[in-house]
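Please read this briefing alongside the sequence and the model.

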Amino acid sequence: MTTTLTPPEARAGKGAEPPAASTRRRDLLRRLGPFGFLSPTLVLLIILMVTPIVMVIGYSLMDRVITAPESNFVGFENYGEVLTDPVFMVAVRNTVFFAGASVIAHFVIGMGFALMLNSPMLGHRTKAIFRTVYILPWLFTIAIVAVLWRMLLSPNGIVNYLTETFGLSSGTVEWLSDPSLALPAVTFINIWSGYPFFMVSLLAGLQGISKDLYEAALIDRAGPVKQFFHVTIPQLKPIIISMALLDFIWTTQQFALIWMTTGGGPINRTEMLSTYTYKLAFATYDFSVASAAAVIVLVLSMILAYLYVRHQKARD
Amino acid sequence: MSNGARARKAFMAGAAGFAIFGLAACSSGGTTTDDGSTGTDTGSGEEVTLEFAQWWEPELPEGMLRGLMDQFEEENPGITVELLSGPYASTKEQVVAGAASGTMSDVVGLDGAWVSDFVQQGAISDLSALMTEAGYDESQLASQVQLNGSTYMIPVVNFAYMLFSNQDLLDAAGVDVPTTRSEFEAAAKAVTTDDVSGWILPLSLEAPNGIQNDVMSWVWASGGSMLADGQPDVTNDEVKSAVEFIAQLDADGVIAPGAATLKEQDKVEEFTNGRVAMMVSSLAHINTIRESNPDLNFTLSALPAEDGYTGERGTPYASWGIGVAENSEHKAEAFKLIEFLMSEAANGELANAANAFPGNSTAVPEFVENDPMFQTAFDVWQAGYPANEFVGLPVAEQLMRDFSEQFQSMLAGEIDVDTALANAQAAWEEEF
Amino acid sequence: MSATTVDAAGVPTREQVVRRHKAKKAALIAALVVCAAFPAAPIVWMLSSSFKTNGEIFAYPPRLVTSNFSFDAYVAILTDPEKLRFFFNSYLIAGAVTVLTLAVAVLAAYAFSRFEFPGKRLINVVVISVQAVPPITLLIPYFGLVVALGLYNTYPGLILTYMVFTLPYAIIMMTGYFNTLPRELDEAVKVDGGRPITALFRVLLPISVPGMVSVGVYTFMIAWNEYLFALTLTRTNDMRTVPIGIQLLMGQHAYEWNQMMAMSVLGSIPVLVLFLFFQRYFIGGMSAGAVKA
């Protein structure tokens, strides 16, 4: 917070005004102004977010924190342990697949549904009904999403019943326990539960696109496909990028869904960074190493966030 | 001051320090280190409020545990008990977090698999010292969980694991309830059809206690052990023969599909719906099954042993255990509560409500006398010895998970039995 | 069919245009109905399970409506004062989080949107990336902090916690929304001698209602559905929320499947109503915020 008192010489343009005392005070106020608006946010985030994160960073440099009476500074030893653990690499690979596939599918499905729901052919009431149906998966706490899908996908569940009845599969498919199906299955569940957020944002974005652009495209004899790629997508690009970034960050820390459906199994086929960290912390009580893993995730996402902010800056 | 307490104090100081820093920098306000664990005042003659954190209350008939507490309060004027209940699946995290910040409840419900970790963390008290102080007669306790010669957990009630058989399915296939492994294999094969599996094996990694209840139980039932001198020994012949036996059942195709993600609750649902002929399960499930499917005709028996084994059979069990928080300011009162819960009358009542066997060695719950099925079970329990080698082991849950991963790998055909056991042994040695 | 109705010149008649439009509309509605199975089918199954007995839920072959169809699960929940308290807590906490998050985020977003100041980019990066730390690793230090601040087992403890989770997103969205509003609006206020805060409250806020509604609904959902911290930061059941109530039905030995399903159906209804009520604003608001986010 001390930075507020010593802002660097900014706003050079204002220097043209006479340096009267009152102006200087107003200038100071103007510089402090933004921090006045930001202060509730900063107070809250510093006390309740930055503090625990700093503590976690501290833990990551010590050994046997929390669970043992004495802990010592060990430098980056815990980081070494995490980075050389083959399971960590498996977790990174699975997480990237899980989050990447989820984000792409959220986008594709969200976009498809948004386009359909945005059609001018539909009346307001019809739209309202369908919109409500299409956001349903968003309304349920993740624990319920997990148990619901466990039920649906269980060997004697409704999904197997339907696929067998319609002859799509012979015999029982072990959706969640077959080592080769588990990761796609949990990814599918996450796609189901997460697409409405994308859909709603895209739907909103679609309504913000000026009709003139489509009319201009029509004059150029652009068909629906061409319109989509030359008008809709470029216009929505800022939303798509923001949503994709946020969705990616949120999906990488999806814990409850995976834990309650597969527990990271079978074997380690659905092990994610989140389940890996959880097991370190609460199954082996290795909070130091768990903290190191968390810090690695934090650094990776800070890089992502930095690229994003820079991209925004460049666009402005 | 114990080491654990010192660590917690340092931790709290750190947290409070950060908080003071944050508050001083940005707004006014003080830090109140309200440990929240106990009531207002200490000292003799004054009111004491004991917190009792457990997951039992939602498992028991409504108002049952509260009723016992009322009785305790009546017998011990000046002590009131506040029951704090949480979901079973999250109990462990809550205790760990509570211990780290010194807010653990005075009396806590424990699972044997957690004891070693909590002792390590300095979270739970040495009950031997409290028993000595209170002049308690230990002989009435059926069992105690000890580490380094001191008791840290007392099993209040025990849930024995036995073989549940769907009698109608066995009769239709013309087989008897199996008592040996080869009989079991034959029976499982005989009942297995397109819609029915002989046996069910839950190996979920979320709650990996299937390894304890459904895999290692076969070892213990034949008098075997997975440890040697307290160290891991899962490559021994006894474990190997049990694992090979299960691998054979899998090869026979008699195990219900989906093992890798099944949990104990799923196992019971499948059995209840008549899709599985036999399961190894907790007596706590008798009532669940009866409620869900009153028509199901099932029987209980001891877990089958190796062919020709005539020794005493280990009966696997899980407990609702109890311990006292190291940070409690009312340890003497806390022990009074334990004493009460372990007394013949209260313990019998609790066991009765939970359909479990009492931790008090003389209590006989009513259900045993009134229900022939429980009578059978009680006889099996008395004839064998309680066996659960995971109790008191460090990171017991992770040990089960390590073993489960190897086991799944083996069932998926990726590695053979010897490799799986060698890998599990290596993983366990690392955890110890 | 088209061969007979298209006239000689190949120009569709007015009647044909209308008919083609109708056919397209019918096709679209058909597509929407078919696709609705994707979001809705699992929910229908949840609803169906909430009316079954526990034994029937796992019966094979599965049935949508069983002979024991009953509202028992709903009755059990709605007559249990402890469970009703969970609902009350969830409303109270989610409502407070929504209002406070909006208030705080609006101020911050105004600063981000209208001012240049040192450290802006850094604060931005921090605000976005703090969301990425796995909450499970923060649990223990966070818990210690909340206890040290005397917020353990209090509503403010949970409300402030959820604000920390919802603020980053709310700030990002509100900043984007303010960016879409022309700066001339607040300049005019300043010319009249008003202070920046006047511009915010008199001019920007009244036209930002849709944006605030969209952020508000999102915030409400997060606070409504959170589980881990709701459990850890509370001690007694009278402070706990619906997701914990649902988890309490998942016992050590057996799950109360029908009650779990009924409780989540009941829990989703208020959010559904909220969405229905606000959706016009919601959709409109998201667009502006998101475009420039």
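The notes below begin with conventions and then go topic by topic.

This is a predicted model, in which local features need pLDDT of at least 70 and side-chain atom pairs count only at pLDDT 80 or more, while totals for chains, interfaces and linings use all residues. Residues are numbered from 1 along each chain as its sequence is written, chains are lettered from A and ligands numbered from 1 in the order in which they are written, and side-chain values use heavy atoms, with hydrogens and water left out.

**Helix α8 of chain B against α16**

- Helix α8 (residues 210-221) of chain B packs against helix α16 (residues 396-411) of chain B at an angle of about 60°, and their axes lie 10 Å apart; helices here are DSSP runs of H or I with at least four residues, numbered from the N terminus, and axes are lines fitted to C-alpha atoms over the stretch in contact, with angles running from 0 to 180 degrees between N-to-C directions.
- The residues of the contact of α8(B) with α16(B) comprise six nonpolar, two polar and no charged, where Ala, Val, Leu, Ile, Met, Phe, Trp, Tyr, Cys and Pro count as nonpolar, Asp, Glu, Lys and Arg as charged, and the others, Gly among them, as polar.

**Helix α8 of chain B against α9**

- The axes of α8(B) and helix α9 (residues 237-252) of chain B come within 8 Å and cross at roughly 130°, which makes α8(B) oblique to α9(B).
- On the α8(B) side, B:D214, B:V215, B:M216, B:W218 and B:V219 meet B:E238, B:V239, B:A242, B:F245 and B:I246 in α9(B), and by class this contact has eight nonpolar, no polar and two charged residues.

**Interface of chains A and C**

- Chain A has 94 residues in contact with 93 residues of chain C.
- The area buried between chain A and chain C is about 8,800 Å², with carbon and sulfur atoms giving 82%; buried area is the accessible area (1.4 Å probe) that two parts lose on being put together, summed over both.
- A:F37, A:M121 and A:M151 supply 9% of the area that chain A buries against chain C, more than any other three residues.

**Residue B:S301**

- B:S301 lies in strand β10 (residues 298-301) of chain B, a strand being a DSSP run of E with at least two residues.
- B:S301 is buried, with a relative accessible area of 15%, since buried means under 20% (1.4 Å probe, protein chains only).
- Not counting residues up to four places away in sequence, B:S301 touches B:M162, B:L163 and B:V177.

Definitions and conventions: Buried < 20%, exposed > 50% of the residue type's maximum accessible area, 1.4 Å probe, protein only. Contact = heavy atoms within 4.5 Å. Parallel < 35°, antiparallel > 145°, perpendicular 65-115°, else oblique.
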